[in-house]
Amino acid sequence: MTTTRHPRPLGLAATVLTGVLALYIALVAFGNITDFGTNRDFVRHVLAMDTTFKDDDLMWRAITSKGLQDAAYVAIIAWETVAALVLIGATWLWIRRDQTTARRLTTYGTLMLMLLFGAGFIGIGGEWFAMWQSADWNGLDAATRVFLISGVVLIVAHLPSGDSEVSRRP
């Protein structure tokens with residue numbers, strides 16, 4: 001009688017969640033590449049602080065150079081693309097049941113997203129460039145969602161599934 005080894009529930013959850021996050025950020029990067037102008041305008045407005053309260057104590061922070069704004073946007077797209085590739089690789093490794101490497105790549109990919117959306121969009125965009133003041137160009141809710149979802153995926157990927165203990169038995 002042949003038995004098929006089924007994935008354990010936590011390994012399956014890590015696979016699915018990593019795959020969903022990989023799909024999401026790959027679509028975000030693809031959208032930013034194929035519809036470059038839409039989110040470029042978003043980045044330009046946030047960095048220029050042109051829809052904030054115009055407080056003189058804050059406006060010195062504004063970056064109005066279109067070249068610097070576009071460089072920041074291209075860097076964001078590059079970061080998203082690399083994070084997507086890392087998470088796609090992690091998903092493949094989860095499917096192949098290479099948990100150690102999959103967990104490591106999932107960690108790298110989720111931390112990349114947490115840095116971008118947490119430090120980049122929430123911290124720098126939201127606070128330094130006062131994005132929270134803008135009624136039109138405020139991406140804090142979306143950034144918070146991605147940050148929290150990435151954190152959940154990171155936690156699930158590191159929960160003990162029992163698979164590694166089984167493979168270590170003599």
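Predicted model: local features only at pLDDT ≥ 70, side-chain atom pairs only at ≥ 80, totals over all residues.
Trainee: Which residues of H1 are buried?

Mentor: They are Gly-11, Ala-14, Thr-15, Thr-18, Leu-21, Ala-22, Ile-25, Ala-29 and Asn-32. The cover over these buried residues includes H2, H4, H5 and H6.

Trainee: How many residues does the largest nonpolar core have, and which have the most contacts inside it?

Mentor: That core has 26 residues, and Ile-25, Leu-87, Leu-113 and Phe-117 have the most contacts inside it. At least two residues of the core come from each of H1 (9-34), H2 (36-48), H4 (66-95), H5 (99-128) and H6 (140-158). H4 gives the largest share, 7 residues. Apart from this core lies another one, of 6 residues, including Ala-14, Trp-94, Ala-102 and Val-156.

Trainee: What is Ile-25 in contact with, leaving aside its neighbours within four places in sequence?

Mentor: With that exclusion, the contacts of Ile-25 are Glu-80, Ala-83, Ala-84, Leu-87, Leu-113 and Phe-117.

Trainee: Is Thr-106 buried or exposed?

Mentor: Thr-106, in helix H5, counts as buried because its relative accessibility is 0%, and the cut-off for buried is under 20%. Beyond its neighbours within four places in sequence, Thr-106 is in contact with Thr-18, Leu-87, Ala-90, Trp-94, Val-153 and Ala-157.

Trainee: And Leu-85, buried or exposed?

Mentor: Leu-85 lies in helix H4. Its relative accessible area is 57%, so Leu-85 is exposed, the cut-off being over 50%. As for distance, the C-alpha atoms of Leu-85 and Ser-134 are separated by 32 Å, with the two residues 49 apart along the chain.

Trainee: How many aromatic pairs does a search of the whole structure find?

Mentor: The search finds 5. A pair of aromatic rings is described by the distance of the centres and the angle of the planes. Take Phe-36 and Tyr-73: the centres are 4.8 Å apart and the planes make 55°, a tilted pair. Phe-36 is in helix H2 and Tyr-73 in helix H4, 37 residues apart, and the pair links distant parts of the chain.

Trainee: What kind of pair do Phe-42 and Trp-137 form?

Mentor: Phe-42 and Trp-137 form an edge-to-face pair, with 5.9 Å centre to centre and 70° between the planes. Planes over 60 degrees apart count as edge-to-face. Phe-42 is in helix H2 and Trp-137 in the loop between H5 and H6, so this pair ties together parts 95 residues apart in sequence. Phe-42 is partly exposed, at 22% relative accessible area. Trp-137 is also partly exposed, at 23%.

Trainee: Which residue lies over the face of Trp-128?

Mentor: Arg-61 lies there, 4.2 Å from the ring centre.

Methods
Residues numbered from 1 in each chain as written. Heavy atoms only, no water. Core = buried A, V, L, I, M, F, W, Y, C linked by side-chain atoms within 4.5 Å. Buried < 20%, exposed > 50% of the residue type's maximum accessible area, 1.4 Å probe, protein only. Helix = DSSP H or I, 4+ residues; strand = E, 2+ residues; numbered from the N terminus. Contact = heavy atoms within 4.5 Å. Phe/Tyr/Trp six-rings, centres within 6.5 Å; stacked < 30°, edge-to-face > 60°. Lys NZ or Arg CZ within 6 Å of the ring centre and 35° of its normal.
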